[in-house]
Amino acid sequence: MGLVRLLADSVVETEFDKLSPEVVEQAKKCLLDCMGNMLGGRYTEKGRKIVQYASRWNNSPEATVIGYGKVSRETAAFANSVMSRAMDLDDGNRFSFGHPGSVLVPAALAMGEITEASGRDIINALVVGYDVFVRLGTTVNPSSYHERGFDVTGISGAVAVAAVAAKLYGLNAEQTKDALGIACLHAGGIIEYQNDGSDGKVLCPGWSTSTGIKAADLAQMGFTGPESILEGNKGFFQAFSNQYDINRLTDGLGINRGIMQTYFKMHACMRGLHCAIDALLSLRSEYALNPAIVKKITIRNSTFVNRLNKSHPKTIVGAQCSLPFAMAVALKYGCVDEVVLEKSIDDSEISKVEDRIEMIVDQKIQEYVVENPDNWTAVNVEVLTEDGKKVSQWAPVALGEPEKPLSWQQLQKKFTQMVADTAFEPTREAFIHVIQHFEECQSMNEFTELLYS
C-alpha cells in the first residue's frame with residue numbers, strides 16, 4: 001500500500017463526532033484568525049488588486065470573494081487566500097515551515113458554499129487539511145526550506161487543500177487518494193521572493209488552493225493519481241527534500257492532530273523575526289526603552305535567523321523579511337504591523353536605529369538549534385543604553401506557539417484590530433459570535449451573508 005493511501009484513509013475516516021473538544025476549539029480559533037486576516041487583507045493594496053483579478057472570472061457565481069461577490073469556487077479560494085496573506089499575520093506551523101490557514105480556510109469556505117456544508121463539516125474538513133499539511137511539511141523539512149528553498153505553503157498546501165475539497169465533496173478513499181496524488185504531481189512554490197521583496201509570498205497560497213481544488217474536481221470525475229506519489233523514486237519526498245523522515249508522516253496519524261501545533265502571529269513579519277521582536281518588546285516595556293536612549297542592540301542567533309539581516313528594505317515584503325528593520329520599528333512603536341512597517345521604510349530615525357543593530361551567529365545558540373531543531377528562531381537579544389546599562393532577554397520560542405498559546409480573548413482582540421477601519425468593522429461582533437459557535441451553523445449560507453461589506 002502506498003503512503004498516500006494512509007493519508008486518504010485518515011481523511012475519509014475522520015468524523016466530527018470523534019474530534020476532541022480541544023481540537024474543535026482550536027479549529028474555531030484558526031477560522032477566526034484567518035477570517036480576520038482575510039477581512040483586513042481585503043482592504044490592503046494587494047487585496048484590492050486581487051479583487052480586480054477575481055472580477056474577471058465572475059461568470060460562474062459559485063463562491064464568495066470577501067467584500068465583492070460570487071465567482072467560480074477556484075477563483076474565490078485563490079483571491080481569499082491572497083487576502084489572508086496580505087497582512088502577514090496569518091497562522092503557521094513552525095514544525096512544517098508553512099502557513100496552513102491561509103490556504104485551508106479559504107478553500108474550505110469556497111467548497112463549503114458549493115456543497116452547502118454545515119459548520120461541523122467545515123471544522124472536520126479543516127482538521128484533516130491541517131493534518132495533511134503538517135505531516136507532509138514536517139516530513140520534508142527542515143531541508144526542503146533551509147537547503148532547497150521550497151515554500152511548504154505551496155507544496156504541502158496544495159495537497160492539503162485537495163484533502164479539504166475531497167472531504168467536503170464526500171469522496172471515497174480511492175477518489176481521495178487520487179485527489180491527493182494529482183495535487184502532489186502539480187504542487188510547487190519557492191522562496192526566492194525573500195531576496196527582493198516581490199509578491200510571491202502572498203500569491204503562493206492562491207496557487208495552492210487552485211491546485212488542490214482542481215485535483216479534487218478531477219478525481220471526482222475519475223482521473224487518477226500515482227500510488228507511490230509520496231515515497232516513489234520520482235515522487236514528492238525526493239523532489240522536495242534532501243533528507244526526509246517518513247515516520248513524521250505516519251506516527252500517530254488520525255490521533256495526534258496537526259491543527260494543535262498551530263501558532264498565531266502577533267507581528268506582521270516572517271516567523272524567523274518573532275522571537276527577537278518578542279524579546280525586545282519585553283525589554284522595552286520593562287526598561288522604558290526608546291530609540292533616543294538605546295546605543296546598541298545585539299541579536300545573538302543561529303545561521304538560519306542571521307540570513308534575515310538585510311537592513312534598509314525598500315518594499316513591504318522586504319520589510320517583513322528584515323530583522324534589523326523590524327526591530328527598529330518595534331523599538332520605536334512598540335508593535336510591528338503593516339501600517340507602521342510601511343510608514344517606516346523611509347523614516348530616517350528607523351534607519352539610524354537599524355545601523356545600531358548587530359546580528360551575530362552565536363556558537364552556543366547554533367548548538368542549541370542543532371539539538372532543538374524545532375526551535376529554529378531562538379535568539380538572545382542584548383541592549384546597551386546610552387548610560388551604559390546592559391540588559392538581555394533569551395527567547396527560544398515566540399509568543400503564539402503551542403508552548404505560549406494565545407487565548408480566545410487575545411485572538412478576539414487581534415481580530416478586532418485587523419478589521420478596524422474596514423467596511424466589516426460594524427459586523428465584527430457578529431463574526432466573532434458565529435465563529436465561536438460555528439459547529440451550530442446548519443449551512444454555510446448563514447455565514448456567507450456576513451462576507452459582503
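Which residues does H99 touch, not counting residues up to four places away in sequence? In this predicted model, H99 touches R85, D90, D91, G92, F133, T153, Y263 and K265. You will find H99 in the loop between α4 (73-86) and α5 (101-115). Its relative accessibility is 12%, so H99 counts as buried, the cut-off being under 20%. One polar atom of the H99 side chain lies 3.0 Å from the backbone oxygen of D91.

The general idea is that, in soluble globular proteins, nonpolar side chains tend to be buried together. Here, the largest nonpolar core has 154 residues, and M35, L230, F236, I297, M327 and F447 touch the most other members. Helix α8 (residues 152-169) supplies the largest share of this core, 13 residues. Leaving out residues up to four places away in sequence, the contacts of F236 include L136, V140, I155 and L230.

Next comes a sheet. Four strands form an open sheet in the order β4-β3-β5-β6, with mixed pairing. Both β4 and β6 stand at the edges with a single partner strand each, so one side of each is left without a neighbour in the sheet. On average, neighbouring strands of this sheet are turned by 15 degrees against each other, direction ignored.

| Strand | Residues |
|---|---|
| β3 | 294-301 |
| β4 | 357-361 |
| β5 | 379-385 |
| β6 | 390-395 |

Strands β3 and β4 run parallel and are joined by five bridges, and R300 stands opposite I360 in β4. Helix α13 (residues 274-287) lies across β3, β5 and β6, and runs at about 140 degrees to β6.

Notes: Residues are numbered from 1 along each chain as its sequence is written. This is a predicted model: local features need pLDDT of at least 70, side-chain atom pairs count only at pLDDT 80 or more; totals for chains, interfaces and linings use all residues. Side-chain values use heavy atoms; hydrogens and water are left out. A nonpolar core is a set of buried Ala, Val, Leu, Ile, Met, Phe, Trp, Tyr and Cys residues joined through side-chain atoms within 4.5 Å. Buried means under 20% relative accessible area, exposed over 50%, partly exposed in between (1.4 Å probe, protein chains only). Helices (H or I, at least four residues) and strands (E, at least two) are DSSP runs, numbered from the N terminus. Contact means heavy atoms within 4.5 Å. Two strands pair if DSSP finds at least two bridges between them. Axes are lines fitted to C-alpha atoms, for helices over the stretch in contact, and angles run from 0 to 180 degrees between N-to-C directions. A polar contact is a pair of N or O atoms within 3.5 Å; within protein, one must be able to donate a hydrogen and the other to accept it, and residues adjacent in sequence count only if both atoms are side-chain atoms.
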